[in-house]
Every structure is written in structure tokens, then in C-alpha cells.
Amino acid sequence: MASHPVAEYTSPSAWSMVEDKFSPYAKETLAKLIAFVHDEVLPAQKVAHAQLPADPEKRWKAVIPIVAELKAKARKLGLWNLFLSKVHYPEYGVPLTNLEYALMAEILGRGGQMASEAVNCSAPDTGNMEVLARYGSPEQQKKWLVPLLNGETRSAFSMTERFVASSDATNIRTTIRREGDEIVISGHKWYISGAGDPRCALHLVLGKSDPDNSDKYRQQSIVIVPANAPGVNVVRPMGVFGYDDAPEGHCEIIYENVRVPVSNLVLGWGRGFEIIQGRLGPGRIHHCMRSIGCAQYALDLMIARVTDPAKKTFGKYLYEHGTVISEIARSRAEIESARLLVLSAALQIDKAKAKGALKEIGIAKFVVPSMALKVVDTAMQAFGAEGVSQDTPLAQMWAQLRTLRIADGPDAVHIQQIGQRELKRAPVIAKRIADIKQREKRLLEQHGFKASL
């Protein structure tokens, strides 16, 4: 039986471990996706960069032609909305599990944001589609979800605020209040990804609707705000290590007495925190999946570089110098370890949903981006000056991965949560140790030895 092509792009051992959990449809889709990314997406990246206008005005109004062409090709191939599992979303999903999508997302990570957009699997749309599919009313789904699923519109998730520590969502100051049949939203957000895109049709806005509620996790609500609603003021695109990520961007936005119908409230009053927890879990693991693909591609580029005869120095291949070989080996080991961690988390989500996989998701969220950053940094070093230039994808990879250590919750938050979760095991561990000590004492006495204190 011929090996699946994914084994060459990821790991033969990892594939052999999960192959029996992949349906025939998933295997076929994965093979098509690998060919699509290799044959279509990666060769098109420089064209896409060239088609994005440099003019500050025009670049924020651009729909990149070759990306639109890729989306049409992907949809014809059935490579569309792969992230949305039919298991959890029967009406809108595709017949893929989170585990099956995990390896697909890794392949997409090789092609950066453009690869994910080409198959309608790019953030923040993925998380927003999951919110609307899980929590949206039939009316909201028809008006806002279906166009997103069709790739006709884009969206933004508006949570982070400029003047507060937004890693604690209870600090949010944006106000959401009801006036008659309308909801009025006022607040100041920033780093709102996707809001710069001319196709952005909606913002999912998190704000405080009941600030005096004794339960601080019931104070927030989420409202659908049309991107073109009066009072929605996009102040500026924010830079990320010098990149503006146009046309999607990461924008500073002021909502000034924006009015929307009460029907735009998602799920219900005070359900905002519940929604973001449901949204961020899968989103975090999707980022980790793609990060592994990014690291794998960076390692591939490094291996090609250090074995290139044209790049010899002092009469030797680059791999013959210093610690290059050991750095390659360590990168390989770290990628393999992280991949197993992510596959484990994806499998746990399939078995227990995101809420039952919080530990696995949390560990992956602070382990994987740091691992990928290290691998990319090592590859950049092998490329020298070229590694930090626009002529390789490495510099932008590094910038995006470094941002991931902050986005969707900073590393420190996830580390703290995992540490606290571990400490909850202390009583069980103490009981287990005490039991062993008791048995040890009895055995010593049975054999005529004095038990030590």
C-alpha cells in the first residue's frame, strides 16, 4: 500500500499513529490539499505581494486578484471550510474531525495566511463562523453566517481594548446598553484583526452590558455590529513588527453610540464570556496547528540552504560548520514533540469538545508558538541577511509567531492556568504517597526491619 503524501511533509511516525483515525474522505482531502498548497499557493505568493498596492489608500481597498482565483480553485476541489466539523455543526460542517483537520492546518501553515484564506479557513473568520454556527439565531445565521461560509464576506472579532489589560476579559470597558428596540455600543478597541478588509461585513463586539452583576463573568455580552454602521470609526491600521498585514490589518476602532437592532445580540444578555471561551479554544488550537506547519517549512528551507553548493563558505557546505547539524536535529525533535501535543489536543476536542480539552489546548498554546519561533530563528540565522529580508518568508513568519505568544491570551496566562490546574491534583497525590508509605511501613515490619520516620 502506497504511503500517503502527508508522511513526507510531516512525519511518517506521526502519520502511522493517526492514519487509522482518518476516514477515506479525510485522506483524499488531505492529499488534494497538499497538492493545492504545493502547486498553487506557494508559487503564487510573490504574485500576491506584487498585486497588493503600495499606495496607503489603495492597499486597504484591495481584493488581491490571485487570491480570489485560488479561492475559486479551492472551492471547485472541495477544499472549503475544512475547519468546521460536521460532528459539532451538522447543518454547516464538513465530514472532518478536529484530528483530521489538525494535519490539514499544518499543511496550510506552510503557505501562511494566504493558504488559509484560499480555503476559507483563515482567522478571525473561522472563530466567528463557529460562534454564529453554535450560538447564532436562524436569522443571524442566514444574514451573517452564510455569506461568510460562501467566502463572500469577511469579519472581525472586536475584543481587545487600548487602555486596559485585555488579557483579563473582565476589564473590558466598552458599553453595551439597551434603548427600546436597539442596542447602543460605545468603546475604544484596537488590534482588531480583519477590520481593514473592504469585504469585512461585521464585527462581533464584546462589551459590558451588566457591569453591576455580582458574577463578573456574566457582565459581558456580544453583539453583531455591521462594519458600515454609523459610529463605527476605523482610526488606523496598527503595525505588527512593521507589517500592516493589509488588506485585513489589525485596526484601532472607536465605536461611538453605534445603534443596532436588539436581534443582533448573540445568544443572550450576559453570555459574552461563555461565547468567547467557546470561540477561543478551537481558535487557539488552529493557530498551533498552523504554527507547526510554519516551523516545518522553515526547517525545510534551512536544510535546502545549508546543503546548497552555491552557499559554501571557506570551502565547506554550511552544514559542515559549527553546530548547524545539531540545530537541525534539535529543530526536528522539537517539531515532532509539538506535533504530538497538538494531535493529542485535537483528539481530546473530538472526544470531549473544547471545554474538555482545556488542559491540552492551554499547554499547546504556550509551547507551540515558542517552539516554532525558535525553529524559524535558527533558519533565519542560516540564511544570514537574506533571512531577515522580504526575499524569504522567514521574517514575516517570525513576526506572526511572536505575535501568537500574545494573541488569544498571553503565554503567562496559559502557564498560570496550567500550573493552577496541576496544583489541584495535590490532595490526590498526597493521598497516593501516604498510601505508599503505609504499605512500605507494613512491609518493613513484616520483614523484621524498623520503619524510619
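**Entry 1: terms and ground rules**

Buried means under 20% relative accessible area, exposed means over 50%, and partly exposed lies in between (1.4 Å probe, protein chains only). I take helices (H or I, at least four residues) and strands (E, at least two) from DSSP runs, numbered from the N terminus. The model is predicted, so I note that local features need pLDDT of at least 70, side-chain atom pairs count only at pLDDT 80 or more, and totals for chains, interfaces and linings use all residues. Residues are numbered from 1 along each chain as its sequence is written, and side-chain values use heavy atoms, with hydrogens and water left out.

**Entry 2: helix α5**

I began with α5, residues 98-109. How many of its residues are buried? Twelve of the twelve are, so α5 is largely enclosed by the rest of the structure. I listed them: Asn98, Leu99, Glu100, Tyr101, Ala102, Leu103, Met104, Ala105, Glu106, Ile107, Leu108 and Gly109.

Next I looked up its length. α5 reaches 16 Å from its first C-alpha to its last, close to the 16 Å expected at 1.5 Å a residue. The expected span is 1.5 Å times one less than the number of residues.

**Entry 3: α5 against α10**

Two packed helices are described by the angle between their axes and the distance between the axes. I looked up both values for α5 and α10 (residues 324-352): the angle is about 145°, and the axes are 8 Å apart. Axes here are lines fitted to C-alpha atoms, for helices over the stretch in contact, and angles run from 0 to 180 degrees between N-to-C directions.

Which residues make the contact? From α5 I noted Asn98, Leu99, Ala102, Leu103 and Glu106. From α10 I noted Arg339, Leu343, Ala346, Leu347, Ile349 and Asp350. Contact means heavy atoms within 4.5 Å. These residues divide into seven nonpolar, one polar and three charged.

**Entry 4: methionine 17**

Leu343 turned up again here. Methionine 17 sits in helix α2 (residues 12-18). It touches Leu340 and Leu343, not counting residues up to four places away in sequence. Methionine 17 and leucine 343 are 326 residues apart in sequence, yet 10.0 Å apart in space, C-alpha to C-alpha. Is methionine 17 buried or partly exposed? It is partly exposed, with a relative accessible area of 43%.

**Entry 5: nonpolar cores**

A nonpolar core is a set of buried Ala, Val, Leu, Ile, Met, Phe, Trp, Tyr and Cys residues joined through side-chain atoms within 4.5 Å. The largest one has 108 residues. Leu30, Leu33, Tyr101, Met371 and Leu394 have the most contacts inside it. Helix α9 (residues 272-306) gives the largest share, 15 residues.

I also checked leucine 394. It touches Ala298, Leu301, Val376, Ala379, Met380, Phe383 and Gly387, not counting residues up to four places away in sequence. A second, separate core has 19 residues, including Ile176, Ile192, Ala229 and Val258.

α7 is mostly covered, with ten of its eleven residues buried. Among them are Met129, Val131, Leu132 and Tyr135.

In α8 (residues 138-149) I found Gln140, Gln141, Trp144, Leu145, Pro147, Leu148 and Leu149 buried. What covers them? The cover includes α7 (125-135), β1 (154-158), β4 (200-208) and β5 (220-226). Glycine 151 follows α8 and has a positive phi, near 75°.

**Entry 6: loops**

I found a cis peptide bond between alanine 123 and proline 124, with omega about 0°. Proline 124 lies in the loop between α6 (112-118) and α7. The bond from alanine 246 to proline 247 is also cis, with omega near 0°. Proline 247 lies in the loop between β6 (232-237) and β7 (250-261).

Phenylalanine 241 is in the loop between β6 and β7. Its phi is positive, about 55°, although it is not a glycine. At 52% relative accessibility it counts as exposed. Asparagine 81 has a positive phi of about 55° and is not a glycine. It is in the loop between α4 (65-76) and α5, and is buried at 6% relative accessible area.

How values were computed:
Ala, Val, Leu, Ile, Met, Phe, Trp, Tyr, Cys and Pro count as nonpolar, Asp, Glu, Lys and Arg as charged, and the others, Gly among them, as polar.
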